[in-house]
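Below is a set of questions and answers for a reader new to this structure. Each answer sets a value against the rule that gives the term its sense.

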Amino acid sequence: MDRTFQVDLRGIVDLLSHHLYASPRVYLRELLQNAADAITARRADDPGAPGVAWIEPPELTGDGTLRIHDTGIGLTETQVHELLATIGRSSKRDELGFARHEFLGQFGIGLLSCFLVADEIRVVTRHADQPTVLWTGHTDGRYQVELAAPDAGRAEPGTTVTLVPRPGAEQWFTQPTVTELARLFGSLLPVTVRVGEVETTAGPPPWSPAAGTSPAARREGLIRYARETLGFTPFDVIPLSVPEAGLTGAAFVLPQPANPAARVGHRVYLKRMLLTEGAEGLLPEWAFFARCVVDAGELRPTASREALYEDGLLDSTREALGDQLRGWLVQLASGDPRRLGEFLQVHHLGVKALALHDDEMLRLVEQWWPMETNTGRMTLSEFRARHGVVRYAATTDEFRQLAAVAAAQDLAVVNGGYTYDTEIIERLPGLDRSVLIERLEPTDLTTRFDTLDPSVELALRPFLLTAQRAMDRLGCEVALRAYDPASLPALYLVSRSAAFHDQLESTRQRADELWAGVLDAIASSGPPERPQLVLNHRNPLVRRITTLGDPELVGLAVEALYGQALLLGYHPIRPADAALLNNSFLGLLGRAVPGQE
């Protein structure tokens, strides 16, 4: 036996009106929407019909209520029953003709939002030559419908909605608030909207051909719109159009850097009614440098009409808008490189993020974005032309450690440690097979250093054995080479495998017993490569240290050089390193200040 659900109408009204919408202010948007749809419906049969919606706040009505009048098509008694007292019956709305494509929404459902601010809603409506119908709805779910007396009905077709404010909601009915909301939601509507005698409509959208006689005039209007509405003067304005979504509008390039992690909100109109000031997901994630203002006729809103519905059309629209922003960048590169440089100084992160998966943007970054190198800032294209191989350090710390020494060995190195730079460099061979790239390993530098004369190296073997004993407890290998600059006494070099082993050991010490066992198995896969302390025989201080005959003093001196190499190379200081620095400093100080207490 089939049964029907028992529905608490009072609960449904409360749920929809208090939990569907984010703010009570949307009540005026829904009233304006219904008025605009009614006018659209009337003009379909009578193109010359007036198109006016005017609002009377309590200051004008004098009885504490708010009224909104429209010159729309009005409703018959049957339509009142079907549209104002049903929830979710879309098929009947289709039959009655009130779910047509050109309408902003659906009659009736928007009135639920009025229960956010009103305890009672009264509707007086007349359709063509039909009698005037009176409908009264209450927040507890009750409603009444009656026909007005022949001498008491409306003289012309249209609808008047009266809201009786609920206690505590009176602030939403004041004339300044109503005027502000009418301007916010309805300023671009193709009908006249007035609050009292104040007209709040501003005409056609500023990006439409009707807003200016020339592209330059429209551009000036859009810049003025951005200043007044969005609160900034844009770096540039990009016209937007996606015909399949019925979308037109503009993207405003921000004049200051934007946070890539922040959620970007865009101003979206639906058939010229403001849908939301913070729509997310309209642009691709990489386009965080732009804010959009668009009017769309085909994109679907969510049930609350405060966001866009995620579907295939929104996906394709997002892709099309991304293509248009990318096209603007390409055009800027070919037509105004100076302007492109100014843009990249502000928004390089967005362009580099796009370059990770877009070949056109990768070419743009290679040609126009200057990167840090140890021979000065230059683009990757310039670097290739000068040095052939794009040799890079993958982290900023590696670059700091090696930049000066590499330059002294005639090795040009790019700092790939900034956001996306290493990934961009590593993508270049996929774009152009002639591009040669090479990641600089710290230990690669030792192959560029000069070895000592065999006789000199043999004479210094006792010194090296003493120095190695001092460094063994730190897991460091001592080498003696000759290299530039001569002013640098020592260099601490860590290969990637050694750095991985150090990180593995640090993690193992903090892990629980189970994971420590797993990490032990990984660590036991092969002997770790030890970091190197490379002493520079061209440095006068190092040469003097090699002549010392006191093993203790040699150990203190080598420990001091080790500590200085860590600091100059921006290496992390472990507790054992800190203790060594302290002991070597105090030891050398003690030897320098001899005597008894």
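**Terms and the values behind them**

The secondary structure of the protein comes to 21 helices and 19 strands. The model is a predicted one.

Q: What share of the residues of the protein count as buried, and what makes a residue buried?
A: A residue is buried when its relative accessible area is under 20%. Of the 597 residues, 48% count as buried.

Q: In what order do the eight strands of the open sheet lie, and what is the pairing called?
A: The order is β5-β4-β3-β6-β2-β1-β7-β8, and the pairing is mixed. Strands of a sheet pair through backbone hydrogen bonds, either parallel or antiparallel.

Q: Why are β5 and β8 called edge strands?
A: Strand β5 (143-147) and strand β8 (198-199) each pair on one side only.

Q: How do you know that β4 and β5 pair?
A: Two strands pair if there are at least two bridges between them. Strand β4 (residues 133-138) and β5 have five bridges, in the antiparallel sense, so they meet the rule for a pair. Among the partners, L134 is bridged to E146 in β5, and W135 stands opposite V145 in β5.

Q: How many residues lie between β4 and β5 in their hairpin, and which residue in the turn has a positive phi?
A: Four residues lie between the two strands, and G141 in the turn has a positive phi of about 100°.

Q: Which strands does helix α2 touch where it packs on the sheet?
A: Helix α2 (residues 26-45) touches β1 (52-56), β2 (66-70), β6 (158-165) and β7 (192-195). The direction of α2 makes about 20° with that of β2. Helix α7 (residues 175-186) packs on the sheet too, touching β1, β2, β7 and β8. The direction of α7 makes about 165° with that of β7.

Q: What makes the link between the side chains of E120 and R122 a polar contact?
A: A polar contact needs a pair of N or O atoms within 3.5 Å, one able to donate a hydrogen and the other to accept it. The side chains of E120 and R122 make such a contact at 2.6 Å. E120 is found in strand β3 (residues 118-126). Leaving aside neighbours within four places in sequence, E120 is in contact with T136, G137, H138, T162, L163 and V164.

Q: How do you know that D358 caps the N-terminal end of α11?
A: A side-chain oxygen of D358 lies 3.1 Å from the backbone nitrogen of E360. The buried residues of helix α11 (residues 359-368) are M361, L362, L364, V365 and E366. These residues pack against α9 (312-335), α10 (337-355), α12 (380-387) and α14 (421-431).

Q: Why is the pair R338 and E342 called a salt bridge?
A: The rule asks for a side-chain nitrogen of Lys or Arg within 4 Å of a carboxyl oxygen of Asp or Glu. The N to O distance for R338 and E342 is 2.4 Å, so the pair meets the rule. Both residues lie in helix α10, four residues apart, about one turn of the helix. An α-helix has 3.6 residues a turn, so residues three or four places apart point the same way.

Q: What makes D484 and R538 a salt bridge, and which parts does the pair tie together?
A: The closest N and O atoms are 3.3 Å apart, and the limit is 4 Å, so the pair counts. D484 lies in the loop between β17 (477-481) and β18 (490-493), and R538 in the loop between β19 (532-536) and α19 (540-546), so the pair ties together parts that are 54 residues apart in sequence. D484 is partly exposed at 32%, and R538 is partly exposed at 30%.

Q: How many salt bridges does this rule give?
A: The count comes to 28.

Conventions. Residues numbered from 1 in each chain as written. Predicted model: local features only at pLDDT ≥ 70, side-chain atom pairs only at ≥ 80, totals over all residues. Heavy atoms only, no water. Contact = heavy atoms within 4.5 Å. Axes fitted to C-alpha atoms, helices over the stretch in contact; angles between N-to-C directions. Buried < 20%, exposed > 50% of the residue type's maximum accessible area, 1.4 Å probe, protein only.
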